[in-house]
Amino acid sequence: MTSIEYHPSDAQKVWAGGSSPTSDPCAAGGPQIEEEFTYPYTNGVFFSTDGGNNWATNGELNQDVVALAAYTSGATSYAFASTPGAANKLYYTTDVNSETATWNAVTSYSGGSINDIKVDQNNKIYLAASDGI
């Protein structure tokens, strides 16, 4: 796993981004949530609604994910994910707790590889990328 993000107002909701060539994300040196934690998926976004006890895929973003961010604006929650390398893109979804989430590419982004995503208290999004912030 490469990134973990908690929901800004509900700590029971957690997302994890995966980027691993193996069938066991923990075998690739990623963080271990529990000693015996294994998951049959290797890349994409996963979510938990019970504080990390159980996990499910979060839609069809079947790509390596290097950074995640989440925030709530009014009644809508958003999640952002970035993908590395040739597929270097920024994606977002409002289907934050759905196994059928639709991830949409942010077409206005054309910068370098995104290493981190943060959202401040005013819902301003910051991207740490290979070519700057």
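I noted that the model is predicted.

Next I looked up the secondary structure. I found 10 strands and zero helices. Read along the sequence, the pattern is β-β-β-β-β-β-β-β-β-β.

Then I checked burial and surface. Of the 133 residues, 40% count as buried. The accessible surface comes to about 7000 Å². Carbon and sulfur atoms hold 45% of that surface.

I turned to the nonpolar cores. In soluble globular proteins, nonpolar side chains tend to be buried together. The largest core here has 14 residues. Among those with the most contacts inside it are Trp15, Val45, Leu61 and Trp103. Which elements give two or more residues to this core? I listed strand S3 (43-48), strand S5 (67-73) and strand S6 (76-83). A second, separate core has 10 residues, including Tyr71, Tyr109, Ile117 and Leu127.

Last, I searched for aromatic pairs. The structure holds one. Phe80 and Tyr92 have ring centres 6.3 Å apart and planes at 40°, so I logged the pair as tilted. Phe80 sits in strand S6 and Tyr92 in strand S7 (residues 89-93), so the pair ties together parts 12 residues apart in sequence.

Tyr92 has 30%, so Tyr92 went down as partly exposed. The cut-off for buried is under 20%.

Methods
Residues numbered from 1 in each chain as written. Predicted model: local features only at pLDDT ≥ 70, side-chain atom pairs only at ≥ 80, totals over all residues. Heavy atoms only, no water. Helix = DSSP H or I, 4+ residues; strand = E, 2+ residues; numbered from the N terminus. Buried < 20%, exposed > 50% of the residue type's maximum accessible area, 1.4 Å probe, protein only. Areas by Shrake-Rupley, 256 points an atom, 1.4 Å probe, with all protein chains shown as cover. Core = buried A, V, L, I, M, F, W, Y, C linked by side-chain atoms within 4.5 Å. Phe/Tyr/Trp six-rings, centres within 6.5 Å; stacked < 30°, edge-to-face > 60°.
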